[in-house]
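Here is a short report to read alongside the sequence and the coordinates. It moves from the whole chain to single residues.

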Amino acid sequence: LLLEREEERQTDKGWEREGVVGEVMASQSAPTPEKVREELSKCTAYSDGLSINLKDAAVFEEKENLSAAAAKYKRVLRESPGNVVGLLSYRAILLQDPSVAQQLEGKVVEEYVLDVLMATLCDQKVVAPSEKKAAKDWLETWSGSGSPTGMTRLARYLDAIDQDYKGAVKLLMTAAKAENRDALFMLGASYAFGDGVTQNYSEASAWYMRAAKHGHAAARNNLAVRYQMGEGMGKDPEAAYGLYLKAADQGYADAQHRVSLCFEEGGGCEQDMAKAVQYAQKAADQGLREAQLRIGVMYKKGEGLESNMNKAEKWIRLAARQGDPDAMYEMAVLYKNGEGVPADWENAVEWYRKSAVSGHIRAQNSLAVCYAIGNGVEVDNEKAMEWYKRASEQGHVKATYNLGCCYINGIGTAENPSEAVYHFRKAAEVGHPAAMFELGLCYKDGKGIKKDKKQAKHWITKAADNNCVEAISFIEDAGCSVM
């Protein structure tokens with residue numbers, strides 16, 4: 001999918017245009033809607049009823065009547081939920097201007113449903129060959145009529161279904177000559193991700209800017225991300241805020257979430273918690289899981305909203321059901337503590353597991369602890385080791401310390417003092433007091449490492465200085481000498 005949502009990007013290391021960009025097809029004058037209808041009438045890829053609705057929708061798009069086009073595409077999707085043309089086209093309209101869906105139904109939740117359906121369609125095993133061929137034939141006919149809109153739709157197909165990124169860029173470059181705002185946006189995304197061209201954030205920003213000038217909601221949002229992060233342009237929090245606000249007021253949920261963060265943190269604007277809540281709620285009401293989680297956490301902590309654990313549980317669960325790893329972890333914590341739900345360790349473990357499988361580092365360590373002590377599950381030291389390892393590999397300090405304990409005591413694995421020392425040192429060097437103490441003991445006793453009284457004293461003293469109770473007691477019991 002072309003929509004940018006992640007905030008961390010790989011650093012650009014220089015670029016040069018790829019040949020395909022220079023090989024742009026000759027510019028064609030935009031056809032009349034009547035010409036488009038005539039050309040599409042020649043295509044027999046779909047049944048008569050379906051083709052009529054698709055043709056009508058295409059003509060409405062050529063007339064820039066997005067509301068009418070969206071209504072027709074929705075009708076197509078009701079009749080044929082997996083129709084590739086309908087999905088590509090309806091989703092494209094929502095990216096351009098989500099207020100279209102608001103006019104139809106008052107909400108824009110369709111965009112997030114379509115994200116899921118599009119992800120499914122991109123799986124080559126899921127798309128039926130006959131449906132792929134029918135969609136491509138129909139889109140090639142539309143594009144072949146000279147329509148910039150038809151070209152962008154075919155480019156979306158080549159990008160999402162065929163993964164022919166260079167072919168998609170070639171079509172988009174032609175459509176962009178007619179200032180087709182969806183083509184301009186897609187070229188921005190192509191440069192941002194390096195699909196069909198060499199990745200370059202400056203180029204991405206330039207294309208997003210052109211699309212944003214035409215009111216493209218997703219382009220405004222993505223351009224704001226570039227300003228916020230300083231990728232492809234200088235950092236400008238005020239410019240980012242302004243663009244987020246414009247896209248948010250168009251009904252674009254991700255922008256509503258981001259402008260809410262601006263109001264909460266004072267990023268490019270004055271802090272205003274009431275507005276932060278207002279925009280977060282708008283995004284949450286549309287089904288954006290990040291916003292649903294934020295609303296839930298606000299209710300849980302009483303920040304911006306009056307504390308209400310029942311409402312906290314409701315919104316956190318909505319986000320968790322959409323697979324948000326942080327929300328799934330929060331659901332586990334709610335069940336563990338009996339907040340908004342009855343205390344239930346089995347449910348807590350189940351949510352820890354779902355979050356952990358999704359890569360959530362704290363959930364992985366918490367799940368390991370559950371297996372280690374038998375909370376909600378039978379004690380299983382081998383599984384505890386497995387999850388400690390996963391969390392430790394991601395940098396979880398407590399999990400690294402816990403792994404050291406497993407190795408030094410032979411719990412869930414064969415006793416291995418050398419491995420224990422490795423993990424104790426790793427945790428100690430980033431400030432874990434208990435790991436400092438255990439490392440000191442290993443130096444004192446020569447377990448897994450050569451005896452070294454100086455190092456033993458160093459680490460045990462350091463642990464005590466960091467309020468490790470065991471280290472303090474050890475020193476007190478030993479008197480003046482740590483040894």
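## Overall fold

This is a predicted model. The protein chain comes to 27 helices and 0 strands. Its C-alpha atoms fill a box of roughly 95 × 50 × 50 Å along the principal axes. The protein chain has 483 residues, and 52% of them count as buried. Among contacts with a separation of 6 or more, 55% join residues 24 or more positions apart.

## Helix α12 and its surroundings

Helix α12 spans residues 201-213, 13 residues in total. From first C-alpha to last, α12 reaches 18 Å, close to the 18 Å expected at 1.5 Å a residue.

The N-terminal end of α12 is capped by Asn200. A side-chain oxygen of Asn200 lies 3.1 Å from the backbone nitrogen of Ser202. Past the other end, just after α12, Gly215 takes a positive phi of about 85°.

Which residues of α12 are buried? They are Tyr201, Glu203, Ala204, Ser205, Trp207, Tyr208, Ala211 and Ala212.

Leu187 is found in helix α11. Its relative accessibility is 0%, so Leu187 counts as buried. Leu187 touches Trp207, and also Val169, Leu172, Met173 and Ala176, leaving aside residues up to four places away in sequence. Leu187 and Ala204 stand 17 residues apart in sequence, yet their C-alpha atoms are 7.1 Å apart in space.

Thr149 lies in helix α9 (residues 148-162). At 10% relative accessibility, Thr149 counts as buried. Beyond residues up to four places away in sequence, Thr149 touches Glu61, Glu62, Trp142 and Asn180.

## Aromatic pairs

How many aromatic pairs does a search of the whole structure find? The search finds 7. Two of these pairs are set out here.

| Pair | Centre to centre | Angle between planes | Geometry |
|---|---|---|---|
| Phe263 and Tyr279 | 5.9 Å | 20° | stacked |
| Phe437 and Phe474 | 5.9 Å | 65° | edge-to-face |

Phe263 lies in helix α15 (residues 253-265) and Tyr279 in helix α16 (residues 273-285), so the pair ties together parts that are 16 residues apart in sequence. Phe263 counts as buried because its relative accessibility is 4%. Tyr279 is buried too, with a relative accessible area of 8%. Phe263 and Tyr279 form one aromatic cluster with Tyr241.

Tyr279 also has a charged neighbour. The charged end of Lys282 sits over the ring of Tyr279, 4.7 Å from its centre. Another charge-over-ring arrangement involves Arg390, which lies over the face of Trp387 at 4.2 Å from the ring centre.

Now the edge-to-face pair. Why do Phe437 and Phe474 count as edge-to-face? Their planes are at 65°, and planes over 60 degrees apart are classed that way. Phe437 lies in helix α25 (residues 433-445) and Phe474 in helix α27 (residues 469-478), so this pair ties together parts that are 37 residues apart in sequence. Phe474 is partly exposed, with a relative accessible area of 22%.

## Cysteines

A search of the whole structure finds 0 disulfides. For Cys406, the nearest cysteine sulfur is that of Cys405, 7.0 Å away. A disulfide needs sulfur atoms within 2.5 Å, so Cys406 is in no disulfide. Cys406 is buried, with a relative accessible area of 7%.

Cys442 is in no disulfide either. The nearest cysteine sulfur to Cys442 is again that of Cys405, at 9.7 Å. At 3% relative accessibility, Cys442 counts as buried.

Note on methods. Residues numbered from 1 in each chain as written. Predicted model: local features only at pLDDT ≥ 70, side-chain atom pairs only at ≥ 80, totals over all residues. Heavy atoms only, no water. Helix = DSSP H or I, 4+ residues; strand = E, 2+ residues; numbered from the N terminus. Expected span 1.5 Å × (residues − 1). Buried < 20%, exposed > 50% of the residue type's maximum accessible area, 1.4 Å probe, protein only. Polar contact = N/O pair within 3.5 Å; in protein donor to acceptor, adjacent residues only side chain to side chain. Phe/Tyr/Trp six-rings, centres within 6.5 Å; stacked < 30°, edge-to-face > 60°. Lys NZ or Arg CZ within 6 Å of the ring centre and 35° of its normal. Contact = heavy atoms within 4.5 Å.
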